[in-house]
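User: Hi, I have a structure open and want to go through a few of its residues. Can you help me read it?

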Amino acid sequence: MLTLYSADSKINQKQFYTTSGIYAICYEEKIIYIGQSRQIGKRIASHMSKTKLERTIKLQQRTIEEGRPINYQYAIKLYQFIKENRKDIKFCILKECSQQFLNSEEEKFIKLYTPKFNYAGIKIPFISYSPKK
């Protein structure tokens, strides 16, 4: 059984600010998105930002205008859903792990749960994330 935390709570976000690992965003006790972060609490705060949807839409438009379109449609759908259901969004820690295992562990959990807002969860082969150094 997973422990769910209110994603909109600054206290909950700070509790996991420096936790590295795999997290899930949940709605009505169902996992709707799985992600990885070296700072899970900070990443949850980013997902819950009240301007995240608008900034992601602008980013999508800018990449198209610059001739390097990157598909942000799944992110836009996720942030629209978060905006509409903010008070009911929860998160949980699926697994704590060091940076070297983030990609492989995230892939395992996405394949296990197939969350509806994970682009990588429906695209084969899995696309791993390489953080900027």
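This is a predicted model: local features need pLDDT of at least 70, side-chain atom pairs count only at pLDDT 80 or more; totals for chains, interfaces and linings use all residues.

User: Okay, where is Ser20?

Analyst: Ser20 is in a loop. That loop runs between helix 1 (10-15) and strand 2 (21-27).

User: Is Ser20 buried or exposed?

Analyst: Buried. Its relative accessibility is 18%, and buried means under 20%.

User: What does the side chain of Ser20 have 2.8 Å away?

Analyst: The backbone oxygen of Cys97. The 2.8 Å runs from that oxygen to a polar atom of the Ser20 side chain.

User: Which residues is Ser20 in contact with, leaving aside neighbours within four places in sequence?

Analyst: Among them are Ser37, Arg38 and Ile40. The list also includes Lys95, Glu96, Cys97 and Leu102.

User: New topic. How many salt bridges are there in the whole structure?

Analyst: The search finds 7. One of them links distant parts of the chain: Arg86 and Asp8 are 78 residues apart.

User: Where do those two sit?

Analyst: Arg86 is in the loop between helix 4 (73-84) and strand 4 (89-96). Asp8 is in the loop between strand 1 (5-6) and helix 1. Their closest N and O atoms are 3.3 Å apart.

User: And how accessible are Arg86 and Asp8?

Analyst: Arg86 is buried, at 18% relative accessible area. Asp8 counts as partly exposed, because its value is 33%.

User: What does Glu66 pair with?

Analyst: Arg68. The closest N and O atoms of that salt bridge are 2.8 Å apart. Glu66 is partly exposed at 46%, and Arg68 is partly exposed at 42%.

User: What about Asp88?

Analyst: Asp88 forms a salt bridge with Lys87, with the closest N and O atoms 3.4 Å apart. Asp88 is partly exposed, at 32%. Lys87 is exposed, at 68%.

User: Which residues are linked in a network of salt bridges?

Analyst: Lys95, Glu105 and Lys108. Lys95 is also one of the residues in contact with Ser20.

Conventions: Residues are numbered from 1 along each chain as its sequence is written. Side-chain values use heavy atoms; hydrogens and water are left out. Helices (H or I, at least four residues) and strands (E, at least two) are DSSP runs, numbered from the N terminus. Buried means under 20% relative accessible area, exposed over 50%, partly exposed in between (1.4 Å probe, protein chains only). A polar contact is a pair of N or O atoms within 3.5 Å; within protein, one must be able to donate a hydrogen and the other to accept it, and residues adjacent in sequence count only if both atoms are side-chain atoms. Contact means heavy atoms within 4.5 Å. A salt bridge is a side-chain nitrogen of Lys or Arg within 4 Å of a carboxyl oxygen of Asp or Glu.
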